[in-house]
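Subject: Structure handover

Hello,

Here is the structure for your files. My notes on what was found in it follow below.

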Amino acid sequence: MVRNIVVLGGSSHPELVATICQQLGIPTGRITLTKFAVGETRVEIQDSVRGKDVFVVQSGCGRVNDGLVELLITISACKTASAKRVTAVLPHFPYSRQSDIPYNKTGAPLTKPMNSHGGPFTFESRPGTPAPPPDTHFPGVSHGGLERELSRLAVERNDTGVNGIAGTNGRANPNSVPATPLRRTNTTDSFASLNGRTPNGNSNVNGNSNSHINGGGSTNGSVNGSTNYAQSDYAPTKGNTGYKQWVAQAGTLVADLLTCAGADHIITMDLHDPQYQGFFDIPVDNLYGRPLLQRWIKYHIPDYQNAVIVSPDAGGAKRATQIADALGMEFALIHKERRPTRITERQNATMMLVGDIVGKVAILVDDMADTSNTITRAAKLLKGKGGATKVYALVTHGVFSGDAIERINASALDRVICTNSVPQAEHVRHCAKLTVLPVHEIFAEAIRRVHHGESISVLFKYD
């Protein structure tokens with residue numbers, strides 16, 4: 001029996017909250033979670049939390065955004081009600097996959113793509129606003145560039161002209177003396193050469209516009225389609241701007257929201273990116289589901305040391321090698337490279353097996369299965385080209401969104417093992433290949449040790 005502690009649960013995973021409280025020997029905290037007709041969340045805590053240690057359990061599954069708002073409001077309500085400390089327990093942390101800055105496939109920081117007339121690449125911290133170069137002037141739109149050039153030439157020649165008209169050289173007829181030719185960069189011929197076109201003798205930019213200078217010389221040279229030049233190179237279209245490659249760093253925002261709401265401590269399990277802990281200014285305990293997975297391998301796979309641990313991608317290689325080293329097993333890797341096709345912008349992943357699994361049991365290890373596309377494709381590769389006798393998939397967070405369950409049922413996977421960090425009751429009813437491992441004991445022990453001020457390092461010593 002633990003005293004002066006209150007465990008509140010959100011609407012995402014009430015079964016896990018009940019088993020945690022049962023393990024701790026305390027009743028579940030009474031809380032009312034409702035919604036107004038407009039969809040706003042209403043939270044009412046019916047137990048006194050003054051001076052108590054409060055733990056709010058909410059997993060990132062189902063309606064993730066609603067669950068996150070419930071968690072934030074509950075934390076704020078507990079702090080307002082004079083709770084001594086509020087700890088957010090998130091078995092599956094929401095938005096944990098949106099923690100890093102996106103990079104392109106070549107590994108270089110995202111920048112504005114090269115323009116069509118051969119400008120050099122520059123690697124900037126963020127792409128600039130698409131705009132013409134500073135010395136570029138479009139014909140037929142504004143004659144400011146030509147006027148400035150004529151004024152400059154007049155000053156160089158000490159020429160004020162007749163009636164203040166620059167370029168006449170003191171003569172009433174400006175055509176009597178050949179005018180100093182303009183630089184090519186300020187004429188319409190330059191625009192035509194950039195696009196590989198030649199002037200057609202008529203100035204048309206968004207309609208008909210003839211440029212008459214000094215009343216006599218008519219600058220009729222124009223670019224046929226110069227508007228297309230401006231539109232294709234400088235307008236923020238789909239193909240020429242780098243903004244489409246930048247996404248908001250929602251992970252940093254979620255960390256700030258939890259801290260500002262009043263959370264004093266975070267307890268979670270198997271973050272997708274371990275560096276996510278650096279976004280917080282408060283203590284974060286990232287528990288591991290690895291002990292449960294290793295224990296299942298030991299007791300449910302005959303002659304497990306002759307099996308092979310396989311990582312479905314390079315990102316999970318470290319996680320898989322840790323299990324392989326702890327159990328004395330061999331390791332293999334599936335190299336996955338995403339290449340865009342010409343027909344569509346969707347990216348097709350090319351998978352290649354690195355390692356020998358012929359005639360052996362292959363065990364896929366990953367931290368999360370969302371749509372299950374990665375593990376099902378990996379299983380097809382392992383049984384087809386790899387020659388594995390059986391394929392198991394061990395994941396910590398079995399989200400299984402969309403048609404993931406149907407995909408697993410039709411796949412080459414023999415069994416999928418996951419934890420109940422997210423609700424699995426509905427998934428188990430529709431998938432006979434699914435095995436669920438409980439995590440309530442790990443979280444209950446972590447809550448007890450945090451409440452009593454004990455070290456939780458024992459939860460990481462499982463080898």
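To begin with the cysteines, the structure holds zero disulfides, a disulfide being a pair of cysteine sulfur atoms within 2.5 Å. The closest cysteine sulfur to that of C418 belongs to C431 and is 9.1 Å away, too far for a bond. C418 is buried at 0% relative accessibility, where buried means under 20% relative accessible area, exposed over 50%, and partly exposed in between, with a 1.4 Å probe and protein chains only. C21 also counts as buried, its relative accessible area being 1%.

Some conventions before the rest. This is a predicted model, in which local features need pLDDT of at least 70 and side-chain atom pairs count only at pLDDT 80 or more, while totals for chains, interfaces and linings use all residues. Residues are numbered from 1 along each chain as its sequence is written, and side-chain values use heavy atoms, with hydrogens and water left out.

Overall figures

The chain has twelve helices and 16 strands; these are DSSP runs numbered from the N terminus, helices being H or I with at least four residues and strands E with at least two. Of its 463 residues, 43% count as buried. The chain exposes about 24,300 Å², and carbon and sulfur atoms supply 51% of that area, computed by the Shrake-Rupley method with a 1.4 Å probe, with only the protein chains shown counting as cover for residues. Among contacts in the chain with a separation of 6 or more, 61% come from residues 24 or more positions apart; contact means heavy atoms within 4.5 Å.

The five-stranded sheet

An open sheet of five strands runs in the order β1-β4-β5-β8-β9, with parallel pairing; two strands pair if DSSP finds at least two bridges between them. β1 (5–9) and β9 (284–287) are at the edges with a single partner strand each, so one side of each has no neighbour in the sheet. From one strand to the next, the twist averages 15°, with axes fitted as lines to C-alpha atoms (for helices over the stretch in contact) and angles running from 0 to 180 degrees between N-to-C directions.

β1 and β4 (residues 53–57) run parallel and are joined by five bridges. In this pair, L8 is opposite V56 of β4. Helix α2 (residues 64–80) lies across β1, β4 and β5 (85–90), at about 165° to β5. Helix α12 (residues 440–452) also packs on the sheet: it touches β1, β4, β5, β8 (265–269) and β9, and its direction makes about 160° with that of β8.

V89 is a residue of β5 and is buried, with a relative accessible area of 0%. Leaving out residues up to four places away in sequence, V89 touches F55, V56, V57, Q58, I267, F443 and I447. Its C-alpha atom is separated by 9.3 Å from that of G9, 80 residues apart along the chain.

The hairpin

β2 (residues 31–35) and β3 (residues 41–45) run antiparallel, joined by five bridges. T34 stands opposite R42 of β3. The two strands form a hairpin with five residues between them, and G39 in the turn has a positive phi of about 105°.

Nonpolar cores

In soluble globular proteins, nonpolar side chains tend to be buried together. A nonpolar core here is a set of buried Ala, Val, Leu, Ile, Met, Phe, Trp, Tyr and Cys residues joined through side-chain atoms within 4.5 Å. The largest one has 43 residues, of which I297, I309 and I363 touch the most other members. Helix α12 gives this core its largest share, six residues. Another core lies apart from it and has 27 residues, including V308, A362, L413 and L434. Aside from neighbours within four places in sequence, I363 is in contact with I297, I301, A307, V308, I309, V310, M329, Y392 and L394.

Most residues other than glycine have a negative phi. Which way does phi go at S372? The value is positive, about 65°, although S372 is not a glycine. S372 sits in the loop between β13 (361–369) and α9 (373–384). At 4% relative accessibility S372 is buried, and beyond residues up to four places away in sequence it touches F400, A404, R407 and I408. N4 also has a positive phi, near 55°. N4 lies in the segment before β1 and is exposed, with a relative accessible area of 54%.

Regards
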